[in-house]
Amino acid sequence: MKRARFPVAGLLCLLCALTLQAKQPFRFPEGKVGDYGKLTYIKGIPVLVVSGTPEQMGTAIGKLALKPAIKVLNYPRDVLKEFWAGFLWNRVLSIGRKMYNRFPAHYKSELEAMIKASGASRDNVIAGNTLFDIKKIVNCSALMVTGERSATKGPLLGRNLDYPSLGYIQQYSLVTIYKPKGKHAWVSIAFPGLGGCISGMNDAGLTVAVLESFKTRPNEGGKFNSMGMPYALCYRTLLEECTTIEEAKKKLESLPRTTIMNLVVADRKNVGVFEISPKSVIYRKDNNGICACTNHFESELKGEKQPNIGDTFGRFRFLEKSRASKKPITIEHIHKKLHYVSFADLTLQTMVFEPKTLKLHLAIGSSPSSKHPLQTLELKPLFSSSK
């Protein structure tokens, strides 16, 4: 009898170990590719630094980030299924392929190098870079403060990124520092495989973050223009080529836009919101040093009877209350406000940017990310480092 206990005990230990291993969240492996790609951890946050040509950056991203995190490419199809729209997959992919054929050559070269280095499905990469222009599913919140109202004496831009987690995508948050040849260095807070920008800041302090809107006035080009450039690539272009909100607005007006969208923006002096349609770009400035944004338009672009998706009006009103504060607005104040408007299973990333000092305060992990403490990343040395 005694002999039988040891194998059973050993088996139980093995099963427990395997169960614990299965429950461990994904972790990017650290590594390096030549002198143009390095992935490491800073304060527990995975940070990938890539530089050089589009092909070099794509290769580094593919090998160091996308290949080990290949599951992220299941997300576009999984999210369609989550919203009972799985039957649209072939249609979405067909539209996405046509959009991909019109991508700027340097972005396309980067994605092709990433696909080759990771062994990823081209169709899945295309879907990951076009689906969210076609199908709107995002709820996000943002609160911005001018330097005159800020405890730091510089502008602050805070935001929650709210996407359906599906129980796994939150594990793959990644900070990527891009240092393309001949362009501004910039940081992206996103997921492997996405070539554009949904939240980011460049080395001049220009900062952008996306928040979807769901309805606009008539005659604005509709909700989707298939001939446009995916919005994430548009906003990456702003960071690579512009230094101020004024420059960014002019550049964005020149780009073919796919859909209606709010883009919160900041530079070293100002904050505001670009309310965007395929036809128009309206700049909504701060009001008494405070600017809030959720998932509807506040400018003349708003249509009648805008939908209150995700209680967008309630979240907006709550964030707007910061205007009544008699004290300078701190980063912790913004963090607490963002936590209040977070979603238990949707808020994947919470962040506050400091454009003047090039700092990023970031919380990632289990949802809502806003419940976690913000970790501060000093971006200036990452932008200027040779590696």
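**Phe274 and the cores**

I started by listing what phenylalanine 274 touches, leaving out residues up to four places away in sequence: Ile245, Ala248, Lys249, Leu252, Met261, Asn262, Leu263, Val265, Val281, Ile282 and Tyr283. This is a predicted model, so I kept in mind that side-chain atom pairs count only at pLDDT 80 or more. Phe274 has a relative accessible area of 0%, so I put it down as buried.

Next I looked up the largest nonpolar core, which has 105 residues. Phe274 is among those with the most contacts inside it, along with Tyr231, Tyr235, Leu263, Val264 and Leu379. Which helix gives the most to this core? I found helix 8, residues 231-241, with seven residues. There is also a second, separate core of 16 residues, and I noted Leu143, Leu156, Ala292 and Phe316 among its members.

**Rings**

I stayed with Phe274 and checked its ring. It forms an aromatic pair with tyrosine 283, at 5.8 Å centre to centre and 75 degrees between the planes, which is edge-to-face. Tyr283 is at 24% relative accessibility, so I logged it as partly exposed.

The count of aromatic pairs comes to 10. In one of them, phenylalanine 26 and phenylalanine 28 have ring centres 4.8 Å apart and planes at 85 degrees; over 60 degrees counts as edge-to-face, so this pair gets that label. Are these two buried or partly exposed? Phe26 comes out at 22% relative accessibility and counts as partly exposed, while Phe28, at 2%, counts as buried. I also wrote down a cluster in which ring pairs link Tyr75, Phe132, Tyr163 and Tyr168.

I went to strand 3, residues 45-52, and found eight of its eight residues buried. Both faces are covered: one side has Ile45, Val47, Val49 and Ser51, and the other has Pro46, Leu48, Val50 and Gly52.

I then looked up what strand 3 pairs with. Strand 2 (residues 37-42) pairs with it in the antiparallel sense over six bridges, and I marked lysine 38 as standing opposite valine 49. The hairpin of strand 2 and strand 3 has two residues between the strands, and lysine 43 there takes a positive phi near 55 degrees. Strand 6 (residues 174-180) runs parallel to strand 3, and six bridges join the two. Glycine 52 has proline 180 in strand 6 as its bridge partner.

What is the strand order in the open sheet of six strands? I read it as 13-4-5-14-15-16, with antiparallel pairing. The edges are strand 13 (290-293) and strand 16 (375-378), each pairing on one side only. I noted a twist that averages 15 degrees from one strand to the next.

Inside this sheet I picked out strand 5 (residues 156-162) and strand 14 (residues 347-354), which pair in the antiparallel sense over six bridges. Leucine 161 stands opposite glutamine 349 in strand 14. Helix 10 (residues 312-320) lies across strand 4 (141-145) and strand 13, and I have it running at about 165 degrees to strand 13.

**Helix 11**

I checked helix 11, residues 331-340, for its buried residues and got Ile331, Ile334, His335, Lys337 and Leu338. Seen down the helix axis they fall within an arc of 165 degrees, so I take them as lining one face. The face turned away from that buried side carries the exposed residues Lys336 and Tyr340. What covers the buried residues? My list includes strand 4, strand 5, helix 10, strand 14 and strand 15 (359-364).

**Asn295**

Last entry: where does asparagine 295 sit? I located it in the loop between strand 13 and helix 10.

How values were computed
Residues numbered from 1 in each chain as written. Predicted model: local features only at pLDDT ≥ 70, side-chain atom pairs only at ≥ 80, totals over all residues. Heavy atoms only, no water. Core = buried A, V, L, I, M, F, W, Y, C linked by side-chain atoms within 4.5 Å. Buried < 20%, exposed > 50% of the residue type's maximum accessible area, 1.4 Å probe, protein only. Helix = DSSP H or I, 4+ residues; strand = E, 2+ residues; numbered from the N terminus. Contact = heavy atoms within 4.5 Å. Pairing = 2+ DSSP bridges. Axes fitted to C-alpha atoms, helices over the stretch in contact; angles between N-to-C directions. Arc of directions from axis to C-beta. Phe/Tyr/Trp six-rings, centres within 6.5 Å; stacked < 30°, edge-to-face > 60°.
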